[in-house]
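Open the structure in your viewer and show it as a cartoon. This tour goes from one selection to the next.

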Number of protein chains: 2
Amino acid sequence: MTETAPGAALLETHAEVLEAATNALATREYYSRYPESPSPRVYGETAAQEGQAAFEQARNATFTPLADQPGTGAEVGSEVSPYGPPLGVRYPELDVDAAVAAAQAALPAWRDAGPRVRAAVCVEIIEQINRRSHELANAVMHTSGQPFVMSFQAGGPHAQDRALEAVAAALVEQERVPASVTWEKPTKGEPIRMQKDYRVVPRGLALVIGCNTFPTWNAYPGLFASLATGNPVLIKPHPRAVLPLAITASIARDVLDHAGFDRALVQLAAEGEPVEGRDGLAKTLALHPAVRIIDYTGGPGFGGWLEREAGGAGKLVYTEKAGLNTVVVDSTDNLEGLLGNLAFSFSLYSGQMCTAPQNVYVPAGGVSTDEGELTYAQFAERLAGAITAFNADESRAVEILGATVNPDVRARATDVPGLAQRLGGELLLDARPITHPTYPDAVVRVPALIGVDAANTPAYSQECFGPVAFVIRTEDTGASLRLLRQTVQEHGAMTASVYSTDEEVLEAAREAAADAGVALSENLTGQIFVNQTAAFSDFHGTGANPAANAAYTDAAFVANRFRVITSRRHV
Amino acid sequence: MTETAPGAALLETHAEVLEAATNALATREYYSRYPESPSPRVYGETAAQEGQAAFEQARNATFTPLADQPGTGAEVGSEVSPYGPPLGVRYPELDVDAAVAAAQAALPAWRDAGPRVRAAVCVEIIEQINRRSHELANAVMHTSGQPFVMSFQAGGPHAQDRALEAVAAALVEQERVPASVTWEKPTKGEPIRMQKDYRVVPRGLALVIGCNTFPTWNAYPGLFASLATGNPVLIKPHPRAVLPLAITASIARDVLDHAGFDRALVQLAAEGEPVEGRDGLAKTLALHPAVRIIDYTGGPGFGGWLEREAGGAGKLVYTEKAGLNTVVVDSTDNLEGLLGNLAFSFSLYSGQMCTAPQNVYVPAGGVSTDEGELTYAQFAERLAGAITAFNADESRAVEILGATVNPDVRARATDVPGLAQRLGGELLLDARPITHPTYPDAVVRVPALIGVDAANTPAYSQECFGPVAFVIRTEDTGASLRLLRQTVQEHGAMTASVYSTDEEVLEAAREAAADAGVALSENLTGQIFVNQTAAFSDFHGTGANPAANAAYTDAAFVANRFRVITSRRHV
């Protein structure tokens with residue numbers, strides 16, 4: 001069904017949600033549109049089964065929903081679930097030049113639809129994505145290795161809320177400039193009157209480069225920020241996490257078509273495992289002259305290359321890379337709460353979140369707690385004990401830990417004693433293997449702890465992605481805060497947290513976080529965790545340290561994706 | 001006088017102007033705070049004399065107002081007025097490392113003052129600059145070669161309005177994120193309550209690289225956008241146009257000091273004429289690791305280098321370079337108005353504005369006018385005649401033309417027949433020399449016209465800065481619009497304009513301008529000129545074509561100069 005004015009029918013349908021979302025973004029109060037509970041009461045009695053069935057149906061088959069993309073005729077795809085089984089999905093390979101041409105041909109109508117129609121169409125895409133949250137949860141689980149409930153939440157509603165946030169932010173920015181004004185300059189005689197029309201135009205083709213661990217959550221902000229500001233988007237998923245973005249792209253294309261726009265506004269460029277010694281597809285696409293915007297999540301190597309090469313070539317590059325997420329422990333009036341909270345943060349998805357804590361600074365003089373003074377060694381022991389206890393029930397633990405995502409992580413996780421020795425640290429807690437009851441091939445590990453002295457800087461000043469954290473003995477809390485400032489300024493961090501009962505220490509920690517350019521969580525002892533951020537309220541990343549050059553979602557993340565073209569004339 | 005809370009006293013003083021400025025920015029209606037008339041009735045009976053006296057006093061002397069900057073002990077300065085006389089001003093050479101350290105030490109207090117205090121202090125700086133508009137006019141005139149009234153207007157009030165616009169835009173962006181919120185997430189039991197504090201922090205040290213032709217107008221937006229968002233600023237003026245920015249810096253430093261802040265928040269790094277084969281100071285400063293933001297106006301060579309090298313190194317780089325400003329002539333019902341308007345646009349400052357028209361597309365089939373059909377040749381002749389007539393009264397003409405700014409421009413302006421021959425064009429109007437009645441050494445030229453065929457693309461597809469324009473014979477208006485689209489997409493443009501009585505042609509021109517990413521002026525036949533933009537209403541540049549990667553002043557120009565750091569805790 002195509003309306004006379006494409007997308008117009010959706011304007012009214014989604015006016016209310018856009019109003020609520022833009023309000024939430026302005027106040028930063030609690031707001032969530034998409035329920036995070038996978039419960040049948042929320043998503044329907046049959047939703048879970050249907051989602052799983054849809055996922056199973058996609059396996060060992062050609063992904064036909066994208067068969068209408070311009071293709072080379074070949075098929076690609078080599079996904080293997082971190083839980084064991086190969087996915088067997090075969091994706092039609094995109095003909096890049098034909099896809100670029102199709103995207104450019106699709107641009108004018110999308111541009112001319114205007115910000116509000118685009119926002120409404122984007123909301124409709126997100127609504128349709130939401131209805132397939134269970135299917136996406138299975139796809140995210142079996143590409144990222146996340147446990148199921150997390151796959152559902154982070155891969156589904158939380159990602160959808162972030163998508164809506166990006167759409168709302170983009171709408172606000174585009175509507176800040178009026179469509180038209182009558183400008184009247186006083187003179188001695190008649191005033192000079194001009195009509196000035198302001199037209200929002202997109203930058204051009206946008207590229208979203210997905211990651212392995214959060215295929216949807218980390219791709220949606222860039223995808224929807226670019227699309228909502230009028231740019232056609234080419235999605236280049238991680239070779240090991242194609243399916244969640246393939247489903248996403250197919251939904252987006254259907255909604256666009258249904259609303260009267262060109263499907264080519266969203267296209268997926270899948271690839272198989274990269275061939276040793278050959279550039280991956282992301283590099284080729286990033287340097288394509290038609291590509292004007294790039295969103296990237298992943299390792300700092302390729303991220304740095306993008307910033308230098310694509311950024312230096314005048315493309316807008318938004319990166320989220322890696323860093324040294326830091327916890328400063330000074331004192332607490334709730335030791336159990338502290339330990340439980342940290343144990344969860346380490347364990348969730350086996351530390352494979354870009355926001356998971358890695359470096360825990362503990363003063364040599366010990367930690368004052370509601371259970372008395374603990375020496376550095378005692379605190380480390382209690383922390384190790386908390387991690388062990390938290391993961392004692394193995395059938396429950398796997399539902400938090402998930403599976404290790406790739407060989408790199410597995411290599412670190414399976415020889416922590418060797419790692420500790422190489423780094424000159426002390427093994428405080430080895431990474432305990434757990435056999436997954438359903439997926440015996442999955443490599444599941446309870447997080448390990450390595451103790452190091454603050455003087456051993458090299459040991460803890462690089463990211464150690466996965467289930468390994470460091471308990472670093474510092475001179476005192478002042479030294480801990482100096483290290484936070486210094487390591488984050490140099491190497492970046494997505495998160496920082498502090499535990500102290502002393503208001504002066506907390507204030508000093510806020511100063512250190514502001515200097516280092518990292519968000520700070522204080523005294524988390526309950527059900528809020530340093531590695532989780534809430535859309536519409538918490539920024540994800542700050543763009544103020546080397547871990548990421550942008551934040552989800554502030555004005556800077558959206559305002560440069562479009563430009564304003566004025567035409568003026570006398571009236 | 002230092003208040004207990006630095007800058008607090010200025011909050012109330014400037015609340016009203018900030019309110020008016022932010023409102024104007026939102027509506028884009030006419031607004032100007034600083035009167036553009038140099039009249040004694042506006043600026044005071046003695047203002048003109050005092051301004052000139054202050055300028056004369058600065059000549060042939062050490063510039064003592066900046067003597068308190070960290071210096072090397074040496075003095076630099078080699079300014080020579082385009083009107084003839086050397087200025088003889090000697091500037092204390094900045095000790096860069098000491099200056100960077102001083103700027104960094106000054107940052108925390110400025111950051112912690114918050115957006116509104118910073119905005120108020122910035123307004124106070126602009127107010128003080130405004131009071132010295134006559135002095136600045138003399139300084140701008142004798143560094144840029146602009147005629148006096150233009151030096152006053154563009155170098156004074158218009159630049160000050162652009163400065164205020166940047167401050168207002170920066171304030172709006174910084175205040176979009178609340179200082180604090182109580183976030184309340186519903187759960188089955190008690191809601192989870194957190195307090196989240198959002199703190200605006202600057203990027204770091206900002207560098208403003210000034211240009212020769214508009215030392216204040218082009219430097220103020222970046223200077224005030226960076227300063228208002230909390231960044232200390234290092235100003236690197238063009239070696240031939242130091243004085244206007246030296247005066248500016250000294251005023252800013254005094255106001256900052258008076259308000260209780262550190263003078264080191266604004267510092268001037270003057271240099272003399274660059275030594276052949278040695279990097280200029282701008283290059284050194286741009287690559288200094290402490291520099292996080294760069295604003296640049298000038299040639300595309302160094303601008304491109306900055307985008308690649310400094311941009312690739314992760315610094316924010318805002319450039320305004322050069323382009324092919326385009327006029328499409330189709331038809332008119334006011335030939336005299338059209339010719340007079342274009343003659344003024346070509347003549348003003350001898351075409352040495354980055355916004356001055358250069359390429360005039362005229363259909364081979366001729367132009368339909370209220371004086372009948374004109375062939376291409378007839379139109380070209382009328383245009384040449386209009387330029388000649390406009391500059392007939394030489395004593396009046398010099399007050400529009402000003403002086404040629406540098407040897408490059410002079411070389412082109414003094415051998416237009418040779419230039420026409422080299423380019424394979426036809427000399428339609430040579431650049432007539434005028435002797436300036438007061439400054440006989442000034443090289444003053446009435447703009448020249450060269451006719452070329454559209455097929456001779458190389459002739460007109462590079463910027464020919466100064467008093468030379470091209471009248472390009474195209475197949476028809478459709479071809480003219482295609483050339484506009486194509487040349488601007490490839491080479492950039494700061495401005496475009498169209499003359500047509502046909503609404504369809506105007507609509508097609510708007511489409512072409514949107515595709516090319518350039519602002520369009522339609523049928524200007526009165527006292528608004530394509531090369532002039534009004535602060536708060538017209539964007540200067542679009543950032544959507546190669547001529548400039550940013551616009552004065554949209555959200556994208558300010559929103560990334562600061563970051564937001566959250567701290568959150570349970571309540």
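Two residues count as in contact if their C-beta atoms, placed from the backbone, lie within 7 Å. This is a predicted model: local features need pLDDT of at least 70, side-chain atom pairs count only at pLDDT 80 or more, and totals for chains, interfaces and linings use all residues. Residues are numbered from 1 along each chain as its sequence is written, while chains are lettered from A and ligands numbered from 1 in the order in which they are written.

**Stop 1: the interface.** Select the side of chain B that touches chain A. Here 53 residues of chain B are in contact with 53 residues of chain A. Elements giving two or more residues to this side include strand S4 (180-185), helix H13 (300-312) and helix H21 (503-516) of chain B. (Helices, H or I of at least four residues, and strands, E of at least two, are DSSP runs numbered from the N terminus.) S22(B) gives the most, with eight residues.

**Stop 2: the strand pairing.** Select strand S22 (residues 562-570) of chain A together with S21(B). Three bridges join these strands, which run parallel. (Strands pair if DSSP finds at least two bridges between them.) Pick Arg568(A): its bridge partner in S21(B) is Ser521(B).

**Stop 3: the axis.** Superpose chain B on chain A: a rotation of 180° with 0.0 Å of shift along its axis does it, at RMSD 0.0 Å. Now select Gly312(B). Of the residues of chain B, Gly312(B) comes closest to the rotation axis, at 2.0 Å (C-alpha). Both copies use the same surface: 100% of the contact residues of chain B recur in chain A.

Note on methods:
Copies are superposed by least squares on the C-alpha atoms of residues with pLDDT of at least 70 in both.
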